[in-house]
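Subject: A structure for you to look at

Dear colleague,

I am passing on a structure that I would like you to look through before we talk. Please open it first, and then read the notes that follow below it.

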Amino acid sequence: MTVVTRFAPSPTGYLHIGGARTALFCWLYARAKGGKFLLRIEDTDKERSTQAAVDAILDGLNWLGLGGDGEPVLQSTRAGRHAEVAHELVKRGAAYHCPVPAEELQARRDEAEALQKKKAAEGSLSDAEQARMADLLKPFRSPWRDPAKALPEGAPTVVRLRMPDAGELTVSDHVQGTVSRSYADLDELILLRSDGTPTYMLAVVVDDHDMGVTHVIRGDDHFLNTFRQLPIYHGMGWAQPEYSHVPLIHGPDGKKLAKRTNAVAVDVYRDELGYLPEAMRNYLLRLGWSHGDDEIISDAQAIEWFDLDGLNKAPARLDFVKLDSVNKHYMALADDQRVFDLWAARPEAAGLSADETARIRDAIGHLKTRAANIVGLGEQAKFLTNIRPIQLSGKAADQVNAEAKARLAALLPGLEGLTDWSEPVIKDEIARFCSANGIGMGKIGPALRAVLTGGAPAPDIALVLALLGRNEAFARIRDHAQAAA
RNA sequence: GGUCCCUUCGUCUAUCGGUUAGGACAUCUGGUUUUCAACCAGGGAAGAGGGGUUCGACUCCCCUAGGGACUGCCA
């Protein structure tokens with residue numbers, strides 16, 4: 001049997017970081033088993049679905065390298081098929097028409113909520129109220145589930161799934177384990193609305209079946225939905241897929257991710273935080289899944305090792321410090337031109353001169369190993385921008401005293417005399433200068449660094465000189481060098 | 001209110017009845033050093049609480065606490 005997985009987001013916004021991880025698991029499992037990974041856009045809610053959201057989600061998936069096999073299926077195009085299945089279910093007795101109006105259902109919920117509020121406020125309820133509330137809170141059972149009860153003439157109806165009267169349903173989930181619920185605790189969900197359109201519960205099952213999905217891997221907020229959807233498979237006599245409900249991702253505070261306070265949308269990780277997709281894959285994979293003590297896991301290894309049973313049940317918290325360290329690893333490995341292009345696309349890069357940009361381009365191989373992400377790369381590149389005249393403050397100013405100024409002045413001619421402006425040659429010249437004057441590196445290094453970088457983070461001093469280029473380097477030194485009186 | 005799920009260092013996790021409870025990130029100390037980063041050496045840091053079962057429990061069972069999901073003619 002060929003494994004088929006799918007990722008089925010509803011296009012109401014952006015690609016959620018938790019969704020991205022779920023997609024990663026689906027993608028990995030399909031790859032691991034030599035199967036297919038399909039995409040489906042659950043756009044049955046016309047009010048909330050937008051094309052912009054579809055594009056944003058697909059864009060996010062592509063960025064992460066999690067494209068689907070084949071074109072995404074638009075659920076809205078399949079409404080006819082969904083309805084067809086609903087009617088077949090009615091024919092088979094697994095579903096029935098129900099004329100209870102939406103307002104009546106809403107009134108039940110409102111009354112239940114009012115009683116709950118009253119109980120919370122007053123501490124207790126009368127026996128009658130308590131009984132009424134318990135009854136209201138029980139799964140709704142329509143009088144029309146009885147096939148003998150005649151439908152009122154001309155009344156609009158919904159199609160409801162029929163739950164068995166007794167017994168329980170057991171789900172064997174790769175993550176959640178074996179869990180049972182009795183049918184009495186399950187509501188008889190609406191399959192077809194009174195306007196004839198399908199609901200999500202129906203659409204998911206029909207599409208999964210028709211698309212040949214063998215493994216449903218989704219967020220565990222859907223776990224209880226499984227119990228409501230399974231009877232549809234049973235009613236149609238379809239083989240049910242295997243389920244894996246993965247826990248949601250929480251924020252650093254342990255609470256559910258909230259857009260207001262957390263980075264939730266995947267494009268934020270790319271555009272604002274400056275992370276690499278391969279680092280995101282590695283980090284996300286390790287959030288809730290592990291392979292012994294392995295931390296840095298390549299895509300090839302991930303595909304080889306990934307296994308549904310290795311997933312954890314508990315939600316994991318996002319840790320940006322760890323993400324940084326993973327990303328740092330991949331930054332160092334990344335192609336120079338690629339890293340440069342990513343940096344150059346950022347708004348901070350736009351304001352720089354051609355000169356500054358060229359310096360950074362030449363230095364990118366060194367810079368990329370020093371930063372945790374593309375934003376940090378900008379920090380590491382600061383010393384290469386036109387920061388003259390360099391303001392010396394605090395520790396840097398202390399380093400550049402009269403004695404140091406004189407040394408800098410003395411160092412200059414030797415540097416100016418170099419015909420080859422490269423790091424090793426510069427390094428040699430500084431070493432020669434030190435030994436010729438009988439001083440250690442410590443007597444010239446700190447001051448030289450101070451006047452060259454103003455205290456900004458920077459690599460080895462000879463490399464700094466090389467990367468700045470002779471003109472800029474000399475200018476920065478001259479700004480502070482002063483021959484001894 | 002009901003049903004279901006979760007709980008190991010600060011964080012992600014290993015452990016699948018017998019370990020000095022391991023690793024990673026972070027942190028602290030020391031070293032190296034011209035800054036930062038890196039690197040090297042070392043340290044501290046955990047089984048939510050309470051009951052059982054067992055020769056033996058982080059691991060199995062129960063209760064409590066805390067957290068979460070579902071309970072829509074939303075998805």
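Which element gives the most to the surface near RNA strand B? That element is α4, with 5 residues, where a residue is near a molecule or strand if one of its heavy atoms lies within 4 Å of it, and where helices (H or I, at least four residues) and strands (E, at least two) are DSSP runs numbered from the N terminus.

Before going on, please note that this is a predicted model, in which local features need pLDDT of at least 70 and side-chain atom pairs count only at pLDDT 80 or more, while totals for chains, interfaces and linings use all residues. Residues are numbered from 1 along each chain as its sequence is written, chains are lettered from A and ligands numbered from 1 in the order in which they are written, and side-chain values use heavy atoms, with hydrogens and water left out.

The RNA surface

Of the 59 residues around RNA strand B, those that come nearest are Lys313, Arg370, Arg449, Ala458 and Asp460. Sugar and phosphate make up 64% of the atoms of RNA strand B that come within 4 Å of the protein. By class, this surface has 22 nonpolar, 14 polar and 23 charged residues, with Ala, Val, Leu, Ile, Met, Phe, Trp, Tyr, Cys and Pro counted as nonpolar, Asp, Glu, Lys and Arg as charged, and the others, Gly among them, as polar.

Some polar contacts (pairs of N or O atoms within 3.5 Å; within protein, one must be able to donate a hydrogen and the other to accept it, and residues adjacent in sequence count only if both atoms are side-chain atoms) can be named here.

Helix α19

Helix α19 (residues 445-453) is largely enclosed by the rest of the structure, because 7 of its 9 residues are buried, which means under 20% relative accessible area, with exposed being over 50% and partly exposed in between (1.4 Å probe, protein chains only). Among the buried residues of α19 are Leu448 and Val451, and the helix is followed by Gly454, whose phi is positive, near 65°.

Arg160

Arg160, in strand β5 (residues 158-161), is buried, with a relative accessible area of 5%. The side chain of Arg160 reaches the backbone oxygen of Glu188 at 2.6 Å.

With best wishes
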